[in-house]
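Visitor: Please take me through a close look at one loop and then at the parts that surround it in the description. I would like a single connected account.

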Amino acid sequence: MQRGMLSRPVGLLFLAPAIVFIAVFLVYPFFSIFQMSFTNTTLVGVNAVNPQFVGFDNYVALFNADQWMRRGEMGFSLLLTAQFVIGSGLIGQAVLGLFIAVLLHNRRGFTRELVFTLAIAAWIIPDVVVAFAWFAYLAPDGTLNNLLNTLGIAGPDWLFKHPMISIIFFNTWRGAAFSMLLFSSALSSIPPSQLETADVLGASGWQKFRDILLPQLTPYILTDLLLITLWTFNTFTPFLLTGGGPSYQTDVISIFTYRIGLRFFEFGKGSAAAMVVMIINLAIASIYLLVSRSRKVRA
Amino acid sequence: MTTRSRKPRVTFRFMLGTLLAYVIAIIFLLPLLWFIFAPFNDHAVLSASIPASLSLSNFGEVLDSDIAMRGLLINSPIIGIGTMLITTAVAALAAFGLSRSRLPGRQMWTYVLILFSSVVVGTASMVPIFRLIFEIGLINTHIGVILVMVGGMLPSAIFIMQDFVDGVPSSYEEAAMVMGASPLRIFKDITFPLIRPGLMVVGIWVLINAWGAFLTPYLLLRSPDLLPASVTFYRFYDEEGSPQITLIAAYAVLYTLPVLVMYLIINWRYGFRFFGGIKS
């Protein structure tokens, strides 16, 4: 590779369009959120033209100890988000993805293609379409309850009675393909001779998984967990299924931020919420970069 | 390796694994069943059922809906292709600049960029972006939506593109430089054609994401005749607010088909290569 073929100004010239986009749509929003979060900016009215500096008022309002854990408030939303991330991301997607990858490791042919194709379809189909598919699937007279009826079980109105469990299952189904693909490509780099030797020694399936596959997968598992945490934390798709309801029971943090900042156009308070979200994102992403860096050093 | 005495155990385990795989396949299939049957059933309800007779009348009704067809045939392609062309071009230029110049700390910049783009995302970043687009008068325009989406996808696009630019052998570019070609000429006539696979991969990745994007156009567009298919999807509700199931089913098929075709193309031409998550 020819580093230094271009002089520094010419190199910057090639980078200029990208720098403009990133400055306007990544860097500016970041500082704008920071600045707006200390004001009472709104979309229209007096405070749109002439916003007042209000200090930490927006943050105090968000973290108000009396209301913090009430329905529709930030503490309650963060608690729901934690349930959602742990349930659908860490347990659902990562475990299901790992399970499928190990199950179909060293298999070829129709079974593998079928599972992979269906999982990838669930992952690649646009948000609004899968959201409606699940709306129909979980409806009181939908496919799931009709199936349960044939088994003699009367299914509930899932989205109304068990909204959090519904979006956890939805998001697990939606995103498991990523972990599955990541772990499959990681597994394919493990030499088959190791498993064959273990077979000769009479190791059980669980022993092979625990002593051979798992140690070599550990770095990939870390990468996977961190990326999934970041994505699940920020996903807005549950909104298309439940709208955050009923009565705030699926009001995860992305929906909370949207509600405050963009439906009611309270930009100041919305920005304070966005700032909290970005600080949590920064923490997750920093851990991710630290882990992937230390892995590179070891390699 | 498999002795006679151990063979039955292995076969049993293999069968069990196959059985489990089919159970998983069915779990993944069940929520999608509806989309296989309902579009061709002119009496479709929310539950999936095999239609008594195959009918294409649902598609006919969708074709009659102006807003839906505008979304599908005009607005979604404008937004998708616009975002794709700008993102791919800007990312290719940036990757070339990063790869071939003496800029300090190139590795670090890519890291910072990726870090930043995973921090400023989702509804959190939409608050100031909405305000910015509102202030500069690009609210309710396609170009506003396109620019915002380019900004969001650019860091990952540059990251993917760098692998391809780094893979171009230096001798071609050096030869051209010796013969006096300008940097832009080298990029246009040598590097650009050689990174075509990268342009394809990034382009289709962007197109799939832009085609499916809901939040950005939903927030930035107001006029019904500007909405892309992802938002007009929610137009098929009757006066009482209940979904017109037959139309939604047929529209979903028309809307999803391009994404599946694009995915199949990328998979068939280039195989599934892992770019740290091809879907954001």
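Guide: Helices are here DSSP runs of H or I with at least four residues, numbered from the N terminus. The model is predicted. With that in place, Ser242(B) can be located: Ser242(B) lies in the loop of chain B that runs between α11 (229–232) and α12 (245–270). Its surroundings can be stated by a count of neighbours. A residue is taken as exposed if 12 or fewer other C-beta atoms lie within 10 Å of its own; Ser242(B) has 8 of them and is therefore exposed. As for distance, Ser242(B) and Ala94(B) are 148 residues apart in sequence, and their C-alpha atoms are 48 Å apart in space.

The loop may next be placed within its chain. Chain B is divided into domain 1 (7–55) and domain 2 (61–270). Taken over C-alpha atoms, the centres of domain 1 and domain 2 of chain B are separated by 33 Å.

Chain B also contains a pair of packed helices. Helix α6 (residues 142–166) and helix α9 (residues 196–212) of chain B have axes that come within 10 Å and cross at roughly 155°. Angles over 145 degrees count as roughly antiparallel, and α6(B) and α9(B) are therefore roughly antiparallel to each other. The crossing in which α6(B) passes α9(B) is right-handed. On the α6(B) side the contact is made by Met149(B), Met153(B), Ala157(B), Ile160(B), Met161(B) and Phe164(B), and these meet Pro197(B), Gly198(B), Val201(B), Val202(B), Val206(B), Asn209(B) and Ala210(B) in α9(B). By class, this contact has eleven nonpolar and two polar residues, with no charged residues.

The axes of α9 (residues 163–187) and α11 (residues 205–234) of chain A come within 10 Å and cross at roughly 145°. α9(A) passes α11(A) in a right-handed crossing. Among the residues of this contact are Leu182(A) and Phe183(A) of α9(A), and Leu217(A), Tyr220(A) and Asp224(A) of α11(A). In this contact, eight residues are nonpolar, three are polar and one is charged.

Finally, the two chains meet each other: 80 residues of chain A are in contact with 80 residues of chain B. On the side of chain A that touches chain B, helix α1 (residues 8–36) of chain A provides the largest share, 18 residues. That side of chain A has 56 nonpolar, 18 polar and six charged residues.

Methods: Residues numbered from 1 in each chain as written. Chains lettered and ligands numbered in written order. Predicted model: local features only at pLDDT ≥ 70, side-chain atom pairs only at ≥ 80, totals over all residues. Axes fitted to C-alpha atoms, helices over the stretch in contact; angles between N-to-C directions. Helix = DSSP H or I, 4+ residues; strand = E, 2+ residues; numbered from the N terminus. Parallel < 35°, antiparallel > 145°, perpendicular 65-115°, else oblique. Left-handed = near helix turned anticlockwise from the far one by under 90°. Contact = placed C-beta atoms within 7 Å. Nonpolar A, V, L, I, M, F, W, Y, C, P; charged D, E, K, R; others polar. Domains from an automatic or database assignment. Buried ≥ 20, exposed ≤ 12 C-beta atoms within 10 Å, placed from the backbone.
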